[in-house]
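Reader: I would like to learn how to read a model of this kind, feature by feature, with the general idea stated before each case.

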Amino acid sequence: MEDAVILLVEDNPDDEVLTLRALKKNNIRNDVIVAHDGMEALDYLFGRGKFAERDTRMMPQVILLDLKLPKLDGFDVLRALRSDERTKLLPVVILTSSNEEQDRANGYGLGANSYVRKPVEFGAFIEAVKQLGLYWLILNQIAPVARRK
Amino acid sequence: MSHARQVSITSKLTRMNMLVCATALSLACLGFLSYDLATYRQVTLDNLSIQSQVTGSNSVSALVFDDPVSAQRTLSSLEFAPNILSACIYTPDGKPFATYRRSPNISIPAKLAISPGEKERHWYNHENIFLVHAISFQGKPAGFTYVQSNIQPLIDRVENYLAIAGVMLILSLSLALFLSRIARRSIAEPIQRLANVARRVSKDKEYSTRAEPGREEGELAELVGTFNEMLAQIETRDRSLEAAREKLEEHVEQRTAELSAANKELEAFSYSVSHDLRAPLRSIEGFSLALAEDYDDKLDGEAKSHLSRIRAATTRMGVLIDDLLNLARVTRAELHREPINLSSIASSIAEDLRKANPERQIEFCVQERLETVGDGRLLRVVLENLLGNAWKYTSKHAWARIQFAKKRLNDEEAYFVTDDGAGFDPAFAGRLFGAFQRLHGMDEFPGTGVGLATVQRIIHRHGGRVWAEGAVEKGATFYFTL
Ligand SMILES: Nc1ncnc2c1ncn2[C@@H]1O[C@H](COP(=O)(O)OP(=O)(O)OP(=O)(O)O)[C@@H](O)[C@H]1O
Ligand SMILES: [Mg+2]
């Protein structure tokens, strides 16, 4: 499934590099589209703005969503995704620094599929990404529609 | 209720007046009546006695000369005494000698005796009085007279008396009623007025109301005056109380607003710390690792060691930030009080610790059924820290004993966690509970030093106290109350 893309929504360039590195370390070779804020992520998904040419029938295999983002934050993006037929069932993994109870509750409340805290130690992060990749890219690719809301 | 009391004070007054009046009058009437009756009776008796004596002495010669006709004549003169119903002269042996009857159907005893030496005797039945008087001639008994007299006049007199007394009673009771009206106006009404004012005041809480001073004088005027004075005092007190309360409310409102603003700020602060402060650490750690991995062949040993120090410090800072955030969270978290079992919480923590270090030889003693009311989640954090510390600070010993129990100290119940590990210098016992305060070096025992600070905050939020006892290499005991 090399053609299935991953959408990474991340504004911090360091985190972007590190996340890509962690994916590579786990031998996840899918294309990764990076959106640097919430607006851009929605534009990509719905084929608007600079992504107007995009074939929106192709949806990412999984969306890795940061919470603190300029313009629209992660929760806004999640809300928009869950209220649109086309993206309602897309798997969304919240990937964030915070370990705040309220963020976790909000994320799951809005329909996130999983919540991963980015640890300070890169080794631990690689491990977390490995688990994610296993689940969302390998185990879960066969039945992409039957996911919990 | 107050209405009933009002009615009863006036009616009580009236009733009392009437009662006094009636009693006095009745007693007076009774006194007069009995005195009069006694006198009247005595007079009647005396008259009767005189009449029988006169009759007796007029009949002496008739008796002596055995001349009943003349005795009969003497008796018939009694006709002029209307009260005498019958009379009879008896011979000394008790046989009638001459008789007189006012009407023919009156009976006269056929035989009558008088004891020797007795001069006179009388008795009554319900409407007559009877009198017997001895007649003597030259010192010897010559016979005796018997007279029956009607006591109807006496009865009439009693009846008249009672009628007059009744009329007097009615008259004087009416008078008393009238007088008590006046008394009511001057005594009960001012009291009623006062009671009305008091009722109004207590109902409406309107302390500016005053009782009107009436025409009354003396104690009643004083009562009204004092009552008004009291109202004035209450009014001023009420006003100052009101003012104080308003001020207090304002204060509380302001404080609450400040507090919630501070809380919001703290929340926003820790939220942003949680998100933003860790991101650079991740970069430092991640890129140091990338450097070490990607340039492994170009870096010498010292450079690699520097990099690993950078990474260790960064990781540690991450832990510090997390600990700090947890500490702040404990302060902010709402307290959910519920019945909890500290024993089972402690046992489950002990279980976790054992699983994490199965090689250690630790004897864990947890007193059973330590039940209390508190925030289960937060008290679990307390026990995690205390038992975790006990576990950590006994790790240099091959064998150790850790206990969680409750005991009575003076007059409070304290829970405690005790161990026989490294202990600490008691001179610094007070410092243990400050954030980032540690009594052991990082190389000796790892840790950040926020555990006990967290414990203290949680215990304080439950309204309890926490303190420690210990000595170097003699173990440590941590007490807390709830
Ligand atoms: N059971 C104990 N025996 C001896 N010393 C103790 C014990 N518990 C705590 N201390 C002392 O109190 C200090 C503060 O304890 P605290 O739990 O706050 O921090 P810590 O255990 O060092 O770090 P952490 O924040 O990871 O818990 C410790 O550094 C240690 O010196
Ligand atoms: Mg500790």
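Reader: Which pattern does chain A follow when read along the sequence?

Author: Some ground rules come first: this is a predicted model, in which local features need pLDDT of at least 70 and side-chain atom pairs count only at pLDDT 80 or more, whereas totals for chains, interfaces and linings use all residues. Residues are numbered from 1 along each chain as its sequence is written, chains are lettered from A and ligands numbered from 1 in the order in which they are written, and side-chain values use heavy atoms, with hydrogens and water left out. Helices (H or I, at least four residues) and strands (E, at least two) are DSSP runs, numbered from the N terminus. On that basis chain A has 5 helices and 5 strands, and along the sequence they follow the pattern β-α-β-α-β-α-β-α-β-α.

Reader: Turning to the ligand, how many residues surround ligand 1, and which are the closest?

Author: A residue is near a molecule if one of its heavy atoms lies within 4 Å of it. Here 20 residues surround ligand 1, the closest being B:Asn389, B:Asp419, B:Arg438, B:His440 and B:Leu452. For the classes, Ala, Val, Leu, Ile, Met, Phe, Trp, Tyr, Cys and Pro count as nonpolar, Asp, Glu, Lys and Arg as charged, and the others, Gly among them, as polar; the shell then has 9 nonpolar, 8 polar and 3 charged residues.

Reader: Which residues place an N or O atom by an oxygen atom of ligand 1, and what area does the protein bury?

Author: A polar contact is a pair of N or O atoms within 3.5 Å; within protein, one must be able to donate a hydrogen and the other to accept it, and residues adjacent in sequence count only if both atoms are side-chain atoms. An N or O atom in the side chain of B:Arg438 is 2.5 Å from an oxygen atom of ligand 1, a polar side-chain atom of B:Thr448 is 3.0 Å from an oxygen atom of the ligand, and B:Gly449 brings a backbone N or O atom to 2.9 Å from one. Taken alone, ligand 1 exposes 590 Å², of which the protein buries 94%, the areas coming from the Shrake-Rupley method with a 1.4 Å probe.

Reader: Which elements of chain B give two or more residues to the shell around ligand 1?

Author: They are helix H7 (376-392), helix H8 (451-461) and strand S12 (476-480) of chain B, and H7(B) gives the most, with 3 residues.

Reader: What does the loop between S10 and H8 of chain B hold, and how is B:Leu432 placed in it?

Author: B:Leu432 lies in that loop and counts as buried because its relative accessibility is 9%; its C-alpha is 8.1 Å from that of B:Gly449, 17 residues apart in sequence. B:Glu444 lies in the loop between S10 and H8 as well, but counts as partly exposed at 40% relative accessibility. The C-alpha atoms of B:Glu444 and B:Lys396, 48 residues apart along the chain, are separated by 9.3 Å.

Reader: What is phi of B:Phe436 and of B:Glu473?

Author: Most residues other than glycine have a negative phi. Phi of B:Phe436 is near 65°, a positive value, and this residue is in the loop between S10 and H8 of chain B, partly exposed at a relative accessible area of 37%. Phi of B:Glu473 is near 60°, also positive; B:Glu473 lies in the loop between strand S11 (466-470) and S12 of chain B, and is partly exposed at 48%.

Definitions and conventions
Buried means under 20% relative accessible area, exposed over 50%, partly exposed in between (1.4 Å probe, protein chains only).
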